[in-house]
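Visitor: I have a structure to read, and I am new to this. Can you take me through some features?

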Amino acid sequence: MPHGSDDLIALILGVITGIAFVVLITMIVKKGKICKNGQYDERQLLVRSKAYQIAFVVLIAYLVINGIINSVLEIQWCDSFMGSILGIFLSIMVFAIYCIFHDAYVSFKEKPTQYILLFAVIAVANFGIGFINFDQHHDYIVNGQLSFHALNFICGIMLVMIILALLIKRGMDKKSTALE
Amino acid sequence: MKNLKLKSARAAMDMSQQELAEAVGVSRQTINAVEKGDYNPTIKLCIAICKAVGKTLDEIFWEA
């Protein structure tokens with residue numbers, strides 16, 4: 001975790017840069033078009049609302065289990081920030097994978113290829129930053145706890161899993177279209 | 001319950017699921033879900049589908 005004002009400023013600038021990078025890549029890949037809620041059809045909106053509910057429950061379950069492990073069993077397996085972020089990543093992944101396999105992740109006006117490309121670029125960037133962090137700090141585990149340094153690497157893994165889900169779904173759709 | 005009436009009406013118009021989906025403004029998977037009986041469309045979508053295949057609501061969506 002960052003200590004001192006310099007580290008805090010670096011963290012804030014890093015977050016802003018990361019967000020700006022993602023926005024820029026999104027604009028390039030999607031050629032300036034941003035998908036709005038109205039571009040999901042009625043069935044997709046229902047599926048997405050169900051996915052939000054499931055992701056919310058998963059997040060709550062994670063927080064409870066993590067709290068029990070940390071406070072009751074007194075096993076400090078990760079630092080507090082990573083503990084929170086992992087819960088967020090887990091619920092995002094649940095939401096994304098549920099929507100992907102129920103045909104509600106990509107708007108009916110878009111192609112999955114755009115998302116695969118976008119996520120691949122962001123995953124590569126995250127893996128790059130993750131390996132730099134590993135190189136500087138020589139480990140993701142500090143004092144027996146998963147540390148903040150592993151954040152980007154884990155984010156990359158999450159994006160890879162979403163990409164795999166999109167690719168698997170695309171393969172399944174091609175088969176079903178051929179059968180029809 | 002499968003909606004075979006919709007499937008046959010679509011086939012009679014020589015439309016694929018993708019073409020029907022584009023005509024009514026939904027995804028192909030939604031049309032597939034309606035035909036398989038996995039999704040009950042809103043009345044708005046039912047009307048749009050009927051107009052696209054040239055049938056009435058009774059002919060496509062009423063259970064005999």
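Guide: Start with burial. Buried means under 20% relative accessible area, exposed over 50%, partly exposed in between (1.4 Å probe, protein chains only). A:D173 has a relative accessible area of 18%, so A:D173 is buried. This is a predicted model: local features need pLDDT of at least 70, side-chain atom pairs count only at pLDDT 80 or more, and totals for chains, interfaces and linings use all residues. Residues are numbered from 1 along each chain as its sequence is written, chains are lettered from A and ligands numbered from 1 in the order written, and side-chain values use heavy atoms, without hydrogens and water.

Visitor: Which residues does A:D173 touch, not counting those up to four places away in sequence?

Guide: Contact means heavy atoms within 4.5 Å. By that rule A:D173 touches A:D103, B:R28 and B:Q29.

Visitor: How many residues are in contact between chain B and chain A?

Guide: 14 residues of chain B meet eleven of chain A. In chain B, B:R28, B:Q29 and B:Y39 lose the most area to chain A, together 48% of what that side buries. Buried area is the accessible area (1.4 Å probe) that two parts lose on being put together, summed over both. Here that comes to about 940 Å².
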